[in-house]
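Hi,

Here is the model I promised to pass on. Have a look, and my notes follow below.

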Amino acid sequence: MYPHGDLSEVELQRAQLRDRIRLRRRLAELQMTRLTEPVRRLDHARETWRRIAPMATVAAVPVALLAGRRVRALRWIGPLLRFAPVALSLVKFYRGDRRARSL
């Protein structure tokens with residue numbers, strides 16, 4: 001039906017088209033990786049904070065006591081840090097966090 005030369009030319013065009021599609025997909029993938037990098041970093045920072053937050057809440061009281069006694073110039077930080085766990089639990093309560101209400 002088709003001459004052999006025409007078929008080989010069509011196969012060559014198909015191969016070139018596949019290569020162009022493969023290249024453009026790879027370029028799009030690289031561009032999306034670059035665009036999503038800041039979101040990935042923010043997500044990682046958020047997850048890190050979620051792991052550290054309970055320990056930071058517990059450690060706030062001793063740090064506040066030490067800061068209040070040791071550093072006279074920063075004496076106002078001590079009372080603020082002493083009430084940080086209470087303030088955090090109130091924020092969670094009013095925000096609707098169920099874990100804070102079960103305490």
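What percentage of the 103 residues in the protein is buried? Buried residues come to 7%, where buried means under 20% relative accessible area, exposed over 50% and partly exposed in between (1.4 Å probe, protein chains only). Bear in mind that this is a predicted model, with local features needing pLDDT of at least 70, side-chain atom pairs counting only at pLDDT 80 or more, and totals for chains, interfaces and linings using all residues. Residues are numbered from 1 along each chain as its sequence is written, and side-chain values use heavy atoms, leaving out hydrogens and water.

The fold has four helices and zero strands, taking helices (H or I, at least four residues) and strands (E, at least two) as DSSP runs numbered from the N terminus.

Just after α3, G96 takes a positive phi of about 105°.

Y94 sits in α3, which covers residues 84-95, and counts as exposed because its relative accessibility is 68%. Together with F83, V86, L90 and F93, Y94 makes a nonpolar surface patch of about 560 Å².

Patches take residues with over 30% relative accessible area and no salt bridge, joining nonpolar side chains (Val, Leu, Ile, Met, Phe, Trp, Tyr) within 5 Å and like charges within 9 Å; a salt bridge is a side-chain nitrogen of Lys or Arg within 4 Å of a carboxyl oxygen of Asp or Glu. Areas are Shrake-Rupley with a 1.4 Å probe, and for residues only the protein chains shown count as cover.

Cheers
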